[in-house]
Structures are given as structure tokens and as C-alpha cells.
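These are my notes from a first look at a structure that is new to me.

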Amino acid sequence: MNDRQAFSTAQRRLWPRSALAAATAGAPVAPWDTRAILIGLMVPMGMTVLNLSMFGVALPFIRDSFRAEADIMAWLVTAYTLPFVLFMPLYGRLGDGLGKRRLFSIGIILFFAGACICLLAQSMGQLILGRMLQGIGTAGVNPLCIAIISELFPDTERGRALGTWSSTGPATSMIAPFLGGFLVDQWGWHSIFLAGLIASLAALYVVRGRVPKLAPAPQPGFLRRFDWTGMALLSGAIVGLVGYLSSRSLTGVEPLRDWRLAGVTLLLTVAFLLWERRSAYPLVPLGLFRLGQFSRASLAAGVRMVLMSTESFLIPLYLADVYDLNAATVGLLLTLQAGALLTTVRMGGRLADSWSRRWPVLIGFTVQVGVMVYFANLPAGAPLWSAGAGLIAHGLAAGLSLAVLHRVAMDPVPAEMAGAAAGLYSMARFFGSIIGATLGGVVLTQALAEQSQVIDAYHIGFWFVAALGALGILAVAGFKDQRE
């Protein structure tokens, strides 16, 4: 029994026939202008990456403004990534029933509201609130874009389309860090959110004009049947886990030692799994995990984001603390990494179509881990070009695997479940962002307290990231090419 057959069996058990019929109602029957759609999907992706990249450059200067420690700053990152991850399956499932373009528009409006709050923020609490709204607003971008591309593009073009769409991230990242650094140096860190306001207005205009509805109207009773209980249980479990990993700022207990949070997390996780097995309209169709390639790709994508998010958290602080660089120079160095990622992200998509779906990802993971080991051994006083060389190598490796993972995850998924699958895959992927940023902040704070030299503390952080990356190599080893 292949992956699609295994899923169909589980799907019939998890979804009643009437639900399947409703899910497929309104499927596109006319040819779409796929080039226009792809452009329409790239603009909100650019908005998301612009926000993330400029915030990364501003991070050391926000820290100095509020005189916050590293683990507290990690929570500022988590304030965005936590709702960003939690709402991904919500957008994916709601997109299947209410229409993907409608969900896009709602998300962009929420992002705009969050950017306004951040622009005017005068306290850490206000900034966290604005970042949370931004995270909720952009949560739908990845799952909705992946679902639309997987649904509308034929198999022979899907890898290239995903690669082109994925290239929006590094292309934007070539501009955003330098732009963010310039804005911070000239007008302070608040100014980066003005660019987010402009980007959100552009994204709303393009999405409304270029992205098709893909559903004629909301399905009767869809919101009433939606698995709100499952959403609440899943959210509670993820929040509990993040709290356990970085509990000092919440409960005053050292990280990984508050067993109350660990117990609550375990209880909510078990309750969520039991509820989803019994639900007629589950938030997370557990049958998706019967697809071996989907499960392995989701795990690998999550580990990749652990590497990316921890590196993105550590590197700006490392450059500011070890090399004493201003914001514009930090942004310029991060632009080198983004440019390198851009050169390989489309290549990865093409290789997935024509060569292999295992080797581009395996090579990418291995080099990423190697770069973390390189930074962990870079001595104090090393020339700045050596750090730049490491960032370029990391970008080349990270770009090679991105589109391939999207394709491996979505290939065996039926079109009527594309939204739910893309939401689950994106949640697993960006859950790595939460883990990476949270643990990165905890490890760096502990290392700075124990080490007499700042450079030694960062070395410990980079070794930690390299160790986590080995999990991704193990997951990728199980990938199968189409000919196997």
C-alpha cells in the first residue's frame, strides 16, 4: 500500500463522506494564470520575511534600550513565533472551508494592526503585544501559499514553482537587513515597523487582485463544526512546552526544572491526541502521519528551522558583542547569508524535479551543521571576513533544502486536504523556530553567566545548535526518491 492509499483509508475513517464532498466543492475547473498567482503569493511572503529580517538586526539595540537579558529577549522573539506557529493549522483548516484568499486578507489586516502597536510601543509589554498580533497575522502565509501552489501547479512544475516562491525569502533578506540597519542607525529601532506597515498595504492590494478564491462561499455550518476544542488543547500544550523550556521569566524557576509546566504540557498533549482520534472533523487529521514522506519531511523541516532560528538569534548578538558592529554593518553581513541562500533555493526546487529529493536536503543539513561547528571554533580576534564566510556557507546550504522539503511533504497529500496538510507541515516546521530561539536564549544566558569570556559563551551556543542539527540528518536519510 503506497502513501496515498494509506492516507485514503485513514481519511475515510477520520472524515465523513459529507465532509469530503464539502471540502472538494468549488475546486478550480478553469485554467488559472499561474504566473500572476505566483506573483500574488510572493508579495505576502516578502512582507513576512521583511518583518523577520529587520527585527533580527534591531534585536541587540532593543535589548540595550530595555536592558534585558538574553532569555528575556528570546521571549520577545517567541512572542511572534509562538502565535505564528499556533495559528498555522487554524489557517490551513479554515482555508479549506472558508476560502484561502479570505483568510489571507484577514491575516494581513491583523499584521497591520500589530505593526502599528510596535511602531508606537514604549514598553516591553506593548512591544510583545504588537509582535503577537504580527505573528497571528502572518501565520497563514506559509500554509496557504504551499496549499495553493500544490493544488494549482502540475506535478512536473510544482518543485520549480515552490522554489520560485521560496526564493522570495532570501531575495527580501538581501535588502531587509541592510535597510533595517540603516533605519535603526538613523531613527531608532521603532522605525523598522514603518516599513512593515507599507509592506502590509502592498500585500493586501496584490492578494486581492491576483490570488483566486478557490472556494465559492463559506460552507454551511463549517465554523460550528470546526475543531475549536482541538485548537485550544494544542495551543495549551505548545505554550506549556515553551514555558517549560524557558520558565525563569514566567514562574521564576530555572529552565527545564519547573515540573508543574512539564506535567501540564504532557496532560494537554495526551488530551489533544485522544480528542483528535474521536473528532469527526479534526483540526489535525492524524491519518496524515501515516504518510511516511510527510512525517519525515515535517520532522526535517522542523529541525532545519531550529538551526535557522537559533543561528538568526545568536548571530546578530554575536556580531554586536564580539565585533562591536553597528546595526548597518550587522545588516550587511546578514545580507551576505540571504544572497547565498537565494542562489541555491531555486536550484533545490529544480533538483527535486529532475534529480533527487534526498541528496539536496542531506547535503544542505550536513553543511549547516558543519558551519555551526566552524563558528563554535572561531577564535576571539578572528577577522570579520571569517564570520562573513561562515554566513555565506550557511546560506548556500540552507537554501538547497527548502523547496525540496515542501515538495516531499505535499506530494502524497490529496488536493482536498492540501490546506490541512500544509498547515500541519508549516506548524511542525516553524515549531522549530520556537524551540531554536527559546533554547538559544536559555543556553546563551547560562553560558554568559558561567564563562568569563563572552566568546566562550557563544561557542557553547553554536555547539548546542550543531548537536541539534544531527537530528535532521537522521530524518533526511529516510527520504525516498520517486524512482525508488
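How many cavities of 30 Å³ or more does the count come to? I was working with a predicted model, and in it I found four cavities of 30 Å³ or more.

**Entry on the largest cavity.** I looked up the volume of the largest cavity, which is about 860 Å³. Its lining is made up of 38 residues, and I noted that L52, S53, S173, M308 and S312 are the closest to the centre of this cavity. I then asked which elements give two or more residues to the lining, and I wrote down α3 (34–66), α4 (70–86), α10 (168–187), α16 (292–322), α17 (327–354) and α20 (418–450). Sorting the lining of the largest cavity by class, I have 22 nonpolar residues, 12 polar residues and four charged residues.

**Entry on the largest pocket.** Turning to the largest pocket, I noted a volume of about 700 Å³. Here 24 residues form the lining, and those closest to the centre of the pocket are I238, L241, M427, A428 and F431. The elements that contribute two or more residues to this lining are α13 (228–245), α15 (259–278), α16, α20 and α21 (454–476), and I marked α20 as the one that gives the most, with six residues. By class, the lining of the largest pocket holds 19 nonpolar and five polar residues, and I found no charged residue in it.

**Entry on L396.** I next looked up L396, which belongs to helix α19, residues 384–410. Is L396 buried, exposed or partly exposed? It counts as partly exposed because its relative accessibility is 36%, and this value falls between the cut-offs of 20% and 50%. Setting aside its neighbours within four places in sequence, I listed A340, L341, T343 and T344 as the residues in contact with L396. I also checked L396 against R248, and the two are 148 residues apart in sequence and 36 Å apart in space, taken from C-alpha to C-alpha.

**Entry on D324.** My last stop was the loop between α16 and α17, where D324 lies. I noted that D324 has a positive phi of about 55°, although this residue is not a glycine. Is D324 buried or exposed? With a relative accessible area of 66%, D324 is exposed, because the cut-off for that word is over 50%.

Conventions
Residues are numbered from 1 along each chain as its sequence is written. This is a predicted model: local features need pLDDT of at least 70, side-chain atom pairs count only at pLDDT 80 or more; totals for chains, interfaces and linings use all residues. Side-chain values use heavy atoms; hydrogens and water are left out. On a 1 Å grid over the protein atoms alone, a cavity is a set of points where a 1.4 Å probe fits but cannot get out, and a pocket is an open set with protein on both sides within 12 Å along at least five of seven lines; lining residues have an atom within 4 Å of a point. Grid points are joined across faces, edges and corners, and a volume is the space filled by probe spheres set on the points. Helices (H or I, at least four residues) and strands (E, at least two) are DSSP runs, numbered from the N terminus. Ala, Val, Leu, Ile, Met, Phe, Trp, Tyr, Cys and Pro count as nonpolar, Asp, Glu, Lys and Arg as charged, and the others, Gly among them, as polar. Buried means under 20% relative accessible area, exposed over 50%, partly exposed in between (1.4 Å probe, protein chains only). Contact means heavy atoms within 4.5 Å.
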